[in-house]
Amino acid sequence: MRGPDSLGRGWWRRNGWGLVALLPALALMLGAAGYSDLEFWQRGRPEAVLPAADGTADFAGLRMRVAELAPATDLKRSGDRPFVLPDNMTAWRVVLDVEGPTDLEPDQVIYCAISIEDTAGNRYNDEPRELSSARTPLGNCNPENSPVPAGSGRYQTVAHFVTPRGVEIAAVRVFFGGVDQTRYVRFDR
Amino acid sequence: MKLLRRLGSALFVLAALATAQAVQTAEPTLNHARRPFPVIGEVGEDVAARTFTARVQQVRCAAALKIGEHVLDTQGVWIVAKLRVGARSEPTSIAYAAARDSADRVYQTTDRISLDLVTGGLTMQPGLPYEGEIAIEVPTASAGSLTLLLADNSFDQRLDSMTEIRLSISDGSACSAEPTTVLLPKAVS
Amino acid sequence: MLADVSVTGRGGLSRRLTRGLVDQAAPGLRWAVAVVLLGVSGLFGGLDTVADPRAETVAAGTPVPGGPWEVTVHEAGVRRELGKLRLQKENDRWLYVIATVRITATESTMPPSDLLVLEGATGLVKPTPAEAALERDGSRLRLLHPEMPERIWFVWEQSGDAPVPTSLTISIEQRTYREDSLGGEWQWMDADEKGDDPPAGRVTVPVKADLTPPSASPSPGAGPSPTAGPSASARPRPSVNPKPSRSPSAGPTQ
């Protein structure tokens, strides 16, 4: 309908509120359509959750801190024979002190994946092929794999890595894929 | 006059339909639109895909493979390429390897022997490359026009980088008649 | 435009709607419009001859194109013993079909386990072959490569209680290169989503029976005896080797 209506209102006056409402509707539409893509994007680049000033971080119902991050020179093969890496590699051990709820049901156990990052931004995963003939525990935040008895919800999780020799480690990353795929705990060294 | 106008509009509809059909057939298919991003290189040079680097160190062809005491023959020729591959900034593996001939036929690496290096079985940490050999069965006539394709995903190589390295074999009929061995993957030290 | 189309009447709505539309655009030109539409659909292939969807039955030795592969069935037979294969029940027998499979797709392809389906054989222990092996070296059928045809033995176990077939009809599975309705990409797939395509073709072959009694001399462990029968030793037998494993290949070599 062109021209003024029976009340003498022009097109802009008649449709003004409708036009205003279009803006939030458009925003809502874009948000709804982009949400899944945004989450997909965030899963590709998870956001770092940093620990408090005392070095402990609370995440996924656990309280954790890095107790040790050092080259592992005392690795053993089966039968207690020493495990020796080639000269161009360094093995690393990360020990996390973990404090979880004491009343955890057995099927409620949370799993994590620990990785380390060097100063150049390269990331290394635990249980590398290079260490497959060394005896190393599973560093997956599960109390059953703790080297110390998991008393009163406190236990340790130990993970091993291998990097080229001479690499400086900048951070330990702990990722709880079953809880949150868009964030991870990052302990900077 | 009226009839002429009707004929005109009928013609217009036909023209619109024909244009739409032409646009639809001219459009690239999804297969083409989602094809891998090629990273092209030569034998002897490092080629960097998104997640890994690869170098074809040497390539040869033979009438048979010698695997332990087994001799595997072929109705064509075996192409054996020595590769040096490594992860870039995150742990990764190569899970797809194939040779493409000049007729765009794609020959995947043989599954008659296990080739961990390029079937996803070997996760590499950044800075710790591996060397090993792969074997591909091709018709003799195709051996002179092969390009080696490598990608990090076994079943879906779309929309991700894929190395394309032209293999330096000029004539499939000049291949060695002697069975050749295939080197196992080995960490480079 | 649709003002004169009544939607209150029951039935005939679409007819009235179409007639209304046509009359609106060109009163009295219904027939002309119909002819034009037919002509247009003809332009885009609507009048093309369509292949008879019923699968043809061909004789042995005739290649049957099945989309990404082409299968030529050569012969079929029944045996008590076949290479190193072990029957689940001593009383059973092997039905085998020898066929050449050529990959006509542009990429290496693993034929599906139901590439060949036996019709007219009863008492099969499993409808898919117990084993499929390359004739030339007895290695198990895996990836086949484009334009590198292989003669393959397809082997089924048939219950000893079922009758020995005198001829077998083998239907050959097919795939169609079509657009995936989910992802929109072109792939070799079942022609329709339900997966009950007609076969690419059927081949009828006589069955060569070679049923030398398994224990003419009563030796119960008939399996490892190397000579199964005169013809069995004459022709190459698929001795299905395990995949040659190259020492402990999984472990790291440092």
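# Note on a predicted three-chain model

1. Domains of chain B. Chain B splits into domain 1 (1-33) and domain 2 (36-187), the bounds coming from an automatic or database domain assignment. Taken over C-alpha atoms, the centres of domain 1 of chain B and domain 2 of chain B are separated by 48 Å.

2. Basis of the note. This is a predicted model, in which local features need pLDDT of at least 70 and side-chain atom pairs count only at pLDDT 80 or more, while totals for chains, interfaces and linings use all residues. Residues are numbered from 1 along each chain as its sequence is written, and chains are lettered from A and ligands numbered from 1 in the order in which they are written.

3. Domains of chain A. Chain A is also assigned a domain 1 (1-45) and a domain 2 (49-188). Between the C-alpha centres of domain 1 of chain A and domain 2 of chain A the distance is 49 Å.

4. Sheet in chain B. An open sheet of chain B is built from five strands in the order S1-S9-S8-S5-S6, with mixed pairing. Strands here are DSSP runs of E with at least two residues, helices are runs of H or I with at least four residues, and both are numbered from the N terminus. Two strands pair if DSSP finds at least two bridges between them. Strand S1 (37-41) and strand S6 (106-108) of chain B are the edges, each pairing on one side only. From one strand to the next the twist averages 30 degrees; the axes are lines fitted to C-alpha atoms, and angles run from 0 to 180 degrees between N-to-C directions.

5. Strand S8 (residues 147-151) and strand S9 (residues 161-166) of chain B run antiparallel and are joined by four bridges. In this pairing B:Leu150 is opposite B:Thr163 of S9(B).

6. Nonpolar cores. The largest nonpolar core has 77 residues, and B:Ile79, B:Leu150 and B:Leu167 touch the most other members. Strand S4 (residues 70-87) of chain B gives this core its largest share, eight residues. Another core, of 37 residues, lies apart from it and includes C:Leu85, C:Tyr96, C:Val101 and C:Ala133. Such a core is a set of buried Ala, Val, Leu, Ile, Met, Phe, Trp, Tyr and Cys residues joined through C-beta atoms within 7 Å. A residue is buried if 20 or more other C-beta atoms lie within 10 Å of its own, exposed if 12 or fewer, and partly exposed in between, with C-beta atoms placed from the backbone.

7. Surroundings of B:Ile79. Neighbours within four places in sequence left aside, B:Ile79 is in contact with residues including B:Val59, B:Cys61, B:Ala99, B:Leu146, B:Leu167 and B:Ile169. Contact means that the C-beta atoms of two residues, placed from the backbone, lie within 7 Å.

8. Chain C overall. Three helices and 11 strands are found in chain C. Along the sequence their pattern is α-α-β-β-β-β-β-β-β-β-β-β-β-α. Of the 254 residues in chain C, 24% are buried. Counting contacts in chain C between residues at least 6 apart in sequence, 72% join residues at least 24 apart.

9. Strand S3 of chain C. Strand S3 (residues 69-79) of chain C runs antiparallel to strand S2 (residues 63-65) of chain C, with three bridges between them; C:Pro65 has C:Glu70 as its bridge partner in S3(C). The hairpin of S2(C) and S3(C) has three residues between the strands, and C:Gly67 there takes a positive phi near 95 degrees. S3(C) is also joined by 10 bridges to strand S4 (residues 93-103) of chain C, again antiparallel, where C:Gly77 stands opposite C:Tyr96. With strand S11 (residues 201-210) of chain C, S3(C) runs parallel through four bridges, and C:Arg79 has C:Asp210 as its partner in S11(C).

10. Contact between chains B and C. Chain B puts 28 residues into this contact and chain C puts in 24 residues. The chain C side has nine nonpolar, eight polar and seven charged residues. Ala, Val, Leu, Ile, Met, Phe, Trp, Tyr, Cys and Pro count as nonpolar, Asp, Glu, Lys and Arg as charged, and the others, Gly among them, as polar.

11. Two backbone points in chain A. A:Asp80 is not a glycine, yet has a positive phi of about 60 degrees; A:Asp80 sits in the loop between strand S3 (62-71) and strand S4 (89-99) of chain A. A:Asp80 counts as exposed because 7 other C-beta atoms lie within 10 Å. A:Glu127, also not a glycine, has a positive phi of about 50 degrees and is in the loop between strand S6 (123-125) and strand S7 (154-164) of chain A. A:Glu127 has 20 C-beta neighbours inside 10 Å and therefore counts as buried.
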